[in-house]
Amino acid sequence: MPGAGAPKAAASAGAPALVALAALFCATPVLSRTPALSEAAGTYDIAGSSQIRFTVDQIGGGGIKGRFTKFSGVLRIDGRRIGASTVSLTIYPQSVAATEDRIANFLRSSAVFDAAAYPTVTFRSTAVRQTGEDAAIVDGMLTARGITHREQFAVRLQQLAGRSIAFAVTGDVYRSRYRMDVGVPIYLNVVKFDMDIRAVRR
């Protein structure tokens with residue numbers, strides 16, 4: 001019977017397509033669930049692998065991009081009441097790095113951080129307000145060049161693996177508040193912080 005082999009042929013032709021489709025599904029990564037802040041309860045020391053970056057934009061494009069390479073701090077996350085959590089961060093401005101050495105030296109000078117006279121920049125949280133399962137707004141007191149003002153940063157939990165934790169932290173600071181407004185208005189008054197904070201549970 002000539003027609004008897006047709007279904008078998010069709011099935012045989014379709015087999016490679018089914019195998020390819022199955023392989024595609026197997027190759028597609030399964031996205032892991034972002035952990036909640038409540039799951040990250042504990043006290044953590046900020047790790048040296050963190051990235052504390054900042055940008056000062058320039059009118060017409062460009063600007064200054066820098067980062068700090070030396071810092072320390074402690075995060076304490078209260079899993080039952082996130083609002084009771086605390087953050088403490090110390091940055092050493094002498095460690096500032098930029099795209100060029102002359103820019104880094106300028107940032108360390110008395111015109112900006114005045115690192116010789118004021119060897120630390122500190123942030124101490126005063127309030128933590130949870131805005132989502134994995135996110136919060138942190139208010140605190142920032143001290144630079146001996147001047148203290150209240151500042152605010154947005155925090156999002158990115159990773160929780162064993163004793164390690166990672167946060168994305170962003171915030172804008174007006175540098176004129178700390179007598180660092182050299183170059184305004186050519187260089188904008190706002191310093192944009194973009195931080196990848198990693199920490200290890202004690």
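Trainee: What makes F113 and F167 stand out in the largest nonpolar core?

Mentor: Of its 42 residues, F113 and F167 touch the most other members. The largest share of this core, five residues, comes from β11. A nonpolar core is a set of buried Ala, Val, Leu, Ile, Met, Phe, Trp, Tyr and Cys residues joined through side-chain atoms within 4.5 Å. Strands are DSSP runs (E, at least two residues), numbered from the N terminus. This is a predicted model: local features need pLDDT of at least 70, side-chain atom pairs count only at pLDDT 80 or more, and totals for chains, interfaces and linings use all residues. Residues are numbered from 1 along each chain as its sequence is written, and side-chain values use heavy atoms, without hydrogens and water.

Trainee: Which residues does F113 touch, not counting residues up to four places away in sequence?

Mentor: Among them are F54, F68, V121 and M180. Contact means heavy atoms within 4.5 Å.

Trainee: Why is S95 called buried?

Mentor: Buried means under 20% relative accessible area, exposed over 50%, partly exposed in between (1.4 Å probe, protein chains only). S95 has 13% relative accessibility, so S95 counts as buried. S95 sits in the loop between β5 (86–91) and β6 (96–98). Beyond four places in sequence, S95 touches R67, F68, T69 and K70.

Trainee: Why does V184 count as partly exposed?

Mentor: Its relative accessibility is 40%, so V184 counts as partly exposed. V184 lies in the loop between β10 (164–174) and β11 (190–201).

Trainee: What does V184 contact, leaving aside neighbours within four places in sequence?

Mentor: V184 is in contact with R175 and N189.

Methods:
Helix = DSSP H or I, 4+ residues; strand = E, 2+ residues; numbered from the N terminus.
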